[in-house]
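Subject: Structure handover

Hello,

Here is the structure we talked about. Please open it first; my notes follow below.

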Amino acid sequence: MSHVYPLIRWRIYEMSRGPFISHPPASFLPSALSMSVDKDHVDGQEPNADDLRKVTAKTEAELKAAHDLNKKESLSAYFTILAAGFGLISDGYQNNLMTMSNVIFKQLYPKVYTSTVSTRVSNSLLVGAVLGQVFVGLICDRVGRKVALVSTTLLIVIGATLGTAAHGAHGSAQGLFWFLTIARGITGVGVGGEYPASSTSASEAANETAQKNRGPVFIMVTNFVLSVGGPLAVSVFLIVLSAAGENHLETVWRVCFGIGILLPLTVFFFRLRMLSSKLYRKGAIKRRVPYGLVFKRYWRELIGTCGAWFLYDFVTFPNGVFSGTIISSVIPNGNIKATAEWQLLLGIIALPGVFVGAYLCNRLGRRNTMMLGFSGYLLFGLIIGVAYDQITKIIPLFVIFYGLMQSVGNMGPGDMLGLTSSESYATPIRYVIHDNEMILCKIQIINSGTCYGLSAAIGKTGAAVGTQAFTPIQNNLGKRCIISFPLRESTR
């Protein structure tokens, strides 16, 4: 007779002590189905080799059944991967929308759009993203992937609509920027929620359809499309600017904000019709989730993913959001169109690193690829910081070095942090001890959305801190320290 015990009373004796990240054994795959063994066979003793062989054979059969998808499930898995990519493009677009908008606002409202206001409007997206990553991560696991994805899409559409229509009372510029702060905050909740919802769904779908190439597939539908959002935002800006002219800058920024409404709508219909992954349907715990057990098992992984993501976003996010401001400061007369063209080149140079990281992640391993990228980012950042006065006199050279710094960042932590966070919280098979009786069974903990969302939220907290520190660093230490100072701090 099989016995089921409350999860909160279980203590874990792991069959494998070390965490698995890249290629766990087949019997440890998160798609395994629940199983139990007759208590009479294991009372008071550890399972012998014959018992383990029987259980392993049964588990392998269940694993095969778990991965056998019918036609509808298979199509849904492929479309889930594609929809995650299209959904995250809108996130990348929103993350980079303020890059050129900051330049426009400084020209339209030079007295009102101070560094404090600029930081507040830019940071509102990050604060919203932190809230979205935590709460949508919980919804993703407790209620379902579909509900989380539809909710984030609606929040982005609502926030982008409010941002496009933003006005201050009686034409007040201060009111306009407070309105934008609130609108960008709502957008941020949706953008932040896309990280755990889309990334977790894409990871599970890739595990079902492309298990051997799960890492590269995950990178291409997450970090690649997020990175494409930068050049896309600048390209849209240049097209609208050329059509409207530099005398209609208010029209330019409103149209750019408005296009942000259309991008998430491209996948809204599919998300209404999508199926949750077979992994989630078989393994999700929706009631009495043993969060204490989760954190007890995964606290090391959480410290690693949260800490690394915090440091990386602390450095890279402000250098991305304010890159238009940085480039504008080294261009004669701060011409808007020239700034946007150099910004587009910067975004394009940063893309090849994503492909290199996807190629290396299985060959070098996640950790080594991340360390290589961090080292390259540090090297290029220090070169730009130390030689800032000389290198900014040659604008193409400055933009190339700046782009290479972001490219190696994409290759390492940009690619690996999301991938590692999605893989570090899988569902293993363990021995479970209850009241000194050894029971061999499976702890069904599918909390990848919650843990991924928490890791990403800590990263966005680092981004908010870095963005808040950007202006004081620039005002007190000069432009040359904008890039090199955060890098030095993050290595201490």
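Start at phenylalanine 322, which is buried, with a relative accessible area of 3%. Buried means under 20% relative accessible area, exposed means over 50%, and partly exposed is in between (1.4 Å probe, protein chains only). Phenylalanine 322 sits in the loop between α11 and α12 (323-330). From valine 103 it is 219 residues away in sequence, yet the C-alpha to C-alpha distance is 9.1 Å. Helices here are DSSP runs of H or I with at least four residues, numbered from the N terminus.

This is a predicted model, so local features need pLDDT of at least 70 and side-chain atom pairs count only at pLDDT 80 or more, while totals for chains, interfaces and linings use all residues. Residues are numbered from 1 along each chain as its sequence is written, and side-chain values use heavy atoms, with hydrogens and water left out.

Cores

The largest nonpolar core has 48 residues. Ile219, Phe398 and Tyr402 touch the most other members. Helix α17 (residues 395-423) supplies the largest share of this core, nine residues. Another core lies apart from it, with 31 residues, including Met98, Val121, Val236 and Cys256. A nonpolar core is a set of buried Ala, Val, Leu, Ile, Met, Phe, Trp, Tyr and Cys residues joined through side-chain atoms within 4.5 Å.

Helix α6 (residues 214-221) is mostly covered, with six of its eight residues buried. They are Arg214, Gly215, Pro216, Phe218, Ile219 and Val221.

Salt bridges

The count is two, taking a salt bridge as a side-chain nitrogen of Lys or Arg within 4 Å of a carboxyl oxygen of Asp or Glu.

Glutamate 250 pairs with arginine 254, and their closest N and O atoms are 3.2 Å apart. The two are four residues apart in helix α8 (residues 249-265), so about one helical turn separates them. Glutamate 250 is partly exposed, at 35% relative accessibility. Arginine 254 is buried, at 14%.

Aspartate 313 pairs with lysine 460, with the closest N and O atoms 3.6 Å apart. Aspartate 313 is in helix α11 (residues 291-321) and lysine 460 in helix α18 (residues 448-477), so this pair ties together parts that are 147 residues apart in sequence. Both ends are buried: aspartate 313 has a relative accessible area of 5%, and lysine 460 has 4%.

Cavities

There are ten cavities of 30 Å³ or more. A cavity is a set of points, on a 1 Å grid over the protein atoms alone, where a 1.4 Å probe fits but cannot get out; lining residues have an atom within 4 Å of a point. The largest cavity holds about 750 Å³ of space. Its lining has 38 residues, and Asn223, Leu226, Ser227, Thr316 and Asn410 lie nearest its centre. Helix α17 gives the most to this lining, with eight residues. Among the helices that each supply at least two are α6, α7 (223-244), α11 and α18.

Surface

Leu154, Ile158, Leu162 and Phe179 make a nonpolar surface patch of about 300 Å². Such a patch takes nonpolar side chains (Val, Leu, Ile, Met, Phe, Trp, Tyr) joined within 5 Å, from residues with over 30% relative accessible area and no salt bridge. Helix α4 (residues 145-164) gives the most, three residues. Leucine 154 lies in α4 and is partly exposed, at 41% relative accessibility.

Best wishes

Conventions: Patches are made of residues with over 30% relative accessible area and no salt bridge: like charges are joined within 9 Å, nonpolar side chains (Val, Leu, Ile, Met, Phe, Trp, Tyr) within 5 Å. Accessible areas come from the Shrake-Rupley method with a 1.4 Å probe; for residues, only the protein chains shown count as cover. On a 1 Å grid over the protein atoms alone, a cavity is a set of points where a 1.4 Å probe fits but cannot get out, and a pocket is an open set with protein on both sides within 12 Å along at least five of seven lines; lining residues have an atom within 4 Å of a point. Grid points are joined across faces, edges and corners, and a volume is the space filled by probe spheres set on the points.
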